[in-house]
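Here is a short report on selected helices and residues. Look over the sequence and the model first.

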Amino acid sequence: MVDIGRVFSTSFAMFRQRFWLLLGMWAVFFAIQTAASMVLGIGLGAAGLAGAAALGSSGFDDPAAMDDMGVLAGLGIGMILFMVLFYGAYIVILLAQQAAMVTLASPLEEPMFGLALRRGFKSALPFIGIALLLLLAYAAMMVASLAVAGAVGAVAGGSIGGVAGTLLIVLAALYLACRFAVLVPVVAVDEVYNPVTAIRRSWAVTQGKALSILLALLGFGAITLVVLGVPLLMIIGAATGLEGGGEPSGGAIAVIIIAGLALIPLFMAYSIYASAFTASLHVEVTDGGAERLEEVFA
C-alpha cells in the first residue's frame, strides 16, 4: 500500500531542503527554452524576409516567375522542416527538464546539480520512445472503447452506448495515469533507459497500488487548484467585471495586476513542488526504505 501522508510529507520536506537547487535547475532550463525561442523567431523571420524578397523581385508574367515560385515552395518546405526540428528539440528540452528536476528532488539521490542535469538530457530520448509506445496504447484503448460503445449501443441504444464509451475512456485513462505516474523517475532516477523496460517497470512497481496513487494524485490536484486556480479565478472574475462597460474600476485593475504578478513565482514554486511530489511518489511505490530516507534527511 502507498502511504499517502508520507508521500506529501516527504515531498514538502524535499521542497524545503532543495528549493534553491531546484530553482537553479528551473532557471537553467528556462534560459535554454528562451534561447530556443529566439532561434525560432530569427529563423522564421529570415525565411519570411527571403520569401518577401523573392515575391518582390518577380512578376507573374515574367518567364522567370515559375523559377521564383519554385524557390518559394522550397522556402515553405524548409520552414516546415525547421519548425518540426525546432519543436522536436523543444520537446526534448522539456522532457530533459522534467527528468533533471525529478532527479534533483529525489530522496534516493544526493543533491548533485551536475549529475541531475546529465541524467535529464540522457533521459530525454528514451522519453520520446516511451511517448510513442503510449500513444499506440492510447490508440488501441480508443478502438476498444469504440467497439464496446458500439456493442452497448446496438443493445441499449446509441446514446447509452456513447455514454458507456466515454465513461470507459475516462476510467481507462485514469487507470493508466496511475500505473504510469512514476515513469519519469523510473527512467531518470532508476536509470532505466530502455523504453519498453521502463514501461514494464512502472507497471510492475504500481501493481495493486492504483487506488492509492489515484488518491495521492487527487490531493496533488487539490494543491494545483489552490496554488494556480485561485489567482486565475481572481483574474477571470476581475476581467469579467471590466467587460460590463463604463469606467473600469481601479480595484478590478489592481486585482488583475497583483494576481498576474503573483502567478509568476507561484508557477515557479508549483513546478518545483511537482517534481518533489513525483520523486516522493516514486520512493513510496518502489519501497525506497526508511534507512535511505533517514540518511537523506539527516
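## Serine 212

A residue counts as buried when its relative accessible area is under 20%. This is a predicted model. Serine 212 has a relative accessible area of 5%, so serine 212 is buried. Its place is in helix 8, which covers residues 210-242.

What does serine 212 touch, leaving aside residues up to four places away in sequence? The contacts are Met1, Val2 and Ile4.

## Helix 1

Helix 1 covers residues 4-17 and has 14 residues. At 1.5 Å a residue, helix 1 should span 20 Å.

Aspartate 3 caps the N-terminal end of helix 1. One of its side-chain oxygens lies 3.2 Å from the backbone nitrogen of glycine 5. Which residues of helix 1 are buried? They are Val7, Phe8, Thr10, Ser11, Ala13 and Met14.

## Proline 195

Proline 195 belongs to helix 7, residues 195-205. Proline 195 has a relative accessible area of 23%, so proline 195 is partly exposed.

Proline 195 touches Pro126, Gly129, Ile130 and Leu133, with residues up to four places away in sequence not counted. Leucine 125 is 70 residues from proline 195 in sequence. In space, the C-alpha atoms of leucine 125 and proline 195 are 9.3 Å apart.

Terms used: Residues numbered from 1 in each chain as written. Predicted model: local features only at pLDDT ≥ 70, side-chain atom pairs only at ≥ 80, totals over all residues. Heavy atoms only, no water. Helix = DSSP H or I, 4+ residues; strand = E, 2+ residues; numbered from the N terminus. Buried < 20%, exposed > 50% of the residue type's maximum accessible area, 1.4 Å probe, protein only. Contact = heavy atoms within 4.5 Å. Expected span 1.5 Å × (residues − 1). Polar contact = N/O pair within 3.5 Å; in protein donor to acceptor, adjacent residues only side chain to side chain.
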